[in-house]
Amino acid sequence: MTWDSSLNITKYNCTLKTKNIPVEKEVYKKNCIFSRRPIHEGAIFRVEGNYDMISYSSECTFIPEGLSGTSVENFACVIYNVSFMNCTWTPGRNTPEDTQYFLYQKFSKEGERECQDYIKDPHGRHTGCRFQDVVIKGNNVVYFLVNGSSKESKIQFYDEYITLYEIELLTAPTNITVNCTEEPPRCIVEWEPPHRSQRKGNPCFQYNIDIQRKTAMADPAERRDDSPTIVNENTYRFENFNAKKKHFLKIRARGYNCLISENWGEWSETIEFGNEESVSLTIIVLIFILGTVTVALLVLLLSKRYCKMRIFFPPIPQPKNKFSEPAAIDSKIQREFETSSIKYETEEVITTVEEISPFPKAN
């Protein structure tokens, strides 16, 4: 903000008013610089100076161009998997159907760059952007600008300054190990911090340790939750260890009093340790014998009942249906016919045989 004055004023107070907290500065020249203040919702600039015990002031109002309610809403960004970032938004409530949005980002010492990988809705409208190879350096701030275009009306812009480390979703702690002893009954849990793109400096993490237990023969979903534990070191001593019970462990991290996100990161994979109580061999054998005896008695009871029913209700003989077994009948008739034929032919041969003497009889 710049201004002119014909009075010999040596000190000015300039103010920027937005919906956020007003910013005031004291300067000794005729310009004032405000940084990291989004103005997409409008702003009021004011300058004031004193000369000869009289106060002089002037102000101007900035009103964004475009139809109200056409700028994007619910703008948010998140950094995940160390170096990936997604920024998403929803179209304004009064946005024309042909509106298309465009995202630009600007680091403090770099030029403005447009998004190269847009996320689109089913209608082809841009609703987000994907970034790769994002590097977090200290408390660097990125300026995001989303403007739009439409043939029906002008679209209001949206802008926001984001400190990158504040939007990072930390990965889970790695290399988790659990070493337990029964005497004394305790476990030593150790792990390594989450991976981050910024490896310089002393990482300051706070860890949330969640250990759950379940009793023997219980459903895995029916676990008794122990109170979550928060520690500031990469090791934890678990004193309530019961070697006869199964334990489930998971850990997550966040920043603590340093330039690391204070939001809890991702949970680690569940680690199981401890031995679940098992049923003794004697009980298993008894159950098996009892089951076998029960089945045998049931079979015997059903057999006796069936025999009694046969005595009191004998089956009623039914006439044979000679047409139901044609093959058997045909074979039987065929055998009888062949036998009778053989007998008939034999008798016929015998009756036709005569004894003829080779010499004639004497008179």
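Student: How many salt bridges does the count come to?
Tutor: The count comes to 8 salt bridges, where a salt bridge is a side-chain nitrogen of Lys or Arg within 4 Å of a carboxyl oxygen of Asp or Glu. This is a predicted model, in which local features need pLDDT of at least 70 and side-chain atom pairs count only at pLDDT 80 or more, while totals for chains, interfaces and linings use all residues. Residues are numbered from 1 along each chain as its sequence is written, and side-chain values use heavy atoms, with hydrogens and water left out.

Student: Which residue forms a salt bridge with K11?
Tutor: K11 pairs with E26, and the closest N and O atoms of that salt bridge are 3.8 Å apart. The pair links distant parts of the chain, since E26 is in strand β2 (residues 23-27) and K11 is in the segment before β1 (12-17), 15 residues apart. Strands (E, at least two residues) and helices (H or I, at least four) are DSSP runs, numbered from the N terminus.

Student: And how accessible is E26?
Tutor: E26 is partly exposed at 45% relative accessibility, and K11 is partly exposed as well, with a relative accessible area of 39%. Buried means under 20% relative accessible area, exposed means over 50%, and partly exposed is in between, using a 1.4 Å probe and protein chains only.

Student: What about R130, which side chain does it meet in a salt bridge?
Tutor: R130 meets D117, with an N to O distance of 3.3 Å. This pair too links distant parts of the chain, with R130 in strand β10 (residues 126-131) and D117 in the loop between β8 (113-114) and β9 (118-120), 13 residues apart. R130 is partly exposed, with a relative accessible area of 39%, and D117 is partly exposed at 32%.

Student: Changing topic: which peptide bond is cis?
Tutor: A cis peptide bond joins E183 and P184, with omega at about -5 degrees, and P184 is found in the loop between β13 (174-182) and β14 (185-192). As background, most peptide bonds are trans, and most residues other than glycine have a negative phi.

Student: What is the phi of D52, then?
Tutor: D52 is not a glycine, yet its phi is positive, at about 55 degrees. D52 lies in the loop between β3 (43-51) and β4 (54-62), and it is exposed, with a relative accessible area of 61%.

Student: And where is V82?
Tutor: V82 is in the loop between β5 (73-80) and β6 (84-90). V82 also has a positive phi, of about 75 degrees, although it is not a glycine, and it counts as partly exposed at 22% relative accessibility.

Student: Is V141 buried or exposed?
Tutor: V141 is buried, with a relative accessible area of 9%, and its place is in strand β11 (residues 141-149). The C-alpha atoms of V141 and Y165 are separated by 8.9 Å, although these residues are 24 apart along the chain.

Student: How many contacts does the model have for residues 340-353?
Tutor: For residues 340-353 the pLDDT stays under 50, and the model has 0 contacts beyond four places in sequence. Where pLDDT is low, the predicted coordinates should not be read in detail.

How values were computed: pLDDT is the predictor's confidence in each residue, from 0 to 100. Contact means heavy atoms within 4.5 Å.
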